[in-house]
Amino acid sequence: MLKHKHIKLFKIKYDAVCTINKRLNKFVVEVIVNGQNTYAYINNTGKLKYLIEKGKKEYCMRRIGKGSTKYRLFAIEYDKLASLIDTKIQENTFAYMVNNSLLPWLNNCKILKRNIKIDNNTLDFVIECSNGRIIYTELKSAILVDESNIAMYPDCPSICGRKHIAKLIELRQQGYGALLVFIVAIPGAKAFTPNKNIDPLIHNLIMEAIRNNVIVKSVSIYYDSKTMFVMLDDPELPIILN
């Protein structure tokens, strides 16, 4: 059972309720809509274990002029609600929460820039706070949970994830503000923990980031298919370090 006062953020209308048939590759899922097989695009390259499974109900929006896939899959039914798997929507949700002062640990801050290229890396945001502080920020999508409803990242080894966290550490060592945020998009998650068994290098980098005073936070959101609203569950989900 979910445990917080849920806050409606913004509405996303779906165009079709799809049923998963099979995942064809990282970006394409074969789905069934009104008894017909078709294809849906996904932008989350994780394994999506327990989510992308045959027969699962999903929520799709139409894609216009976007190649061979007719739909974009953005949420998958989970515990009578839905997991918000779309990483671009996760980014937009974070920006909305920052700009509307819904994250207490980023009060009086606004999104300054998005998709910032630094050397061979692209970080998600630069945040500017009222005290003049500049914070380089990277989001990571955590949509895997264990049997205790603890969310984890990553769900597969991630070279990009390692590079991004290493860059945040470097920026912090240079005196800049640095923030790593895990977006837990599974309804009812109790806490977040790094997935040491899947990628021990990322676990070690997260621990190094904390030692170097990189801010590490976790936020819990989900999609309510009945109201079609993206919902804020917990603005500061507990983090378990091991």
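These notebook entries record what I looked up in a predicted model.

**Conventions.** I number residues from 1 along each chain as its sequence is written, and side-chain values use heavy atoms, with hydrogens and water left out. In this predicted model, local features need pLDDT of at least 70 and side-chain atom pairs count only at pLDDT 80 or more, while totals for chains, interfaces and linings use all residues.

**Helix α3.** I looked up α3, residues 200-211; helices (H or I, at least four residues) and strands (E, at least two) are DSSP runs, numbered from the N terminus. Its twelve residues reach 17 Å from first C-alpha to last, close to the expected 16 Å (1.5 Å times one less than the number of residues). I then listed its buried residues (under 20% relative accessible area, 1.4 Å probe, protein chains only; exposed is over 50%, partly exposed in between): Ile 202, His 203, Leu 205, Ile 206 and Ala 209. They lie on the same side of α3, because they cover an arc of only 165° around the axis, taken from the directions from the helix axis to the C-beta atoms. Their cover includes β12 (150-153), α2 (159-173), β13 (177-184) and β14 (191-194). Asn 213, which follows α3, has a positive phi near 65°.

**Asn 242.** I located Asn 242 in the segment after β16 (229-234). Asn 242 counts as partly exposed because its relative accessibility is 48%. Beyond its neighbours within four places in sequence, Asn 242 is in contact (heavy atoms within 4.5 Å) with Thr 193, Pro 194, Lys 196 and His 203. I noted that His 203 is also among the buried residues of α3.
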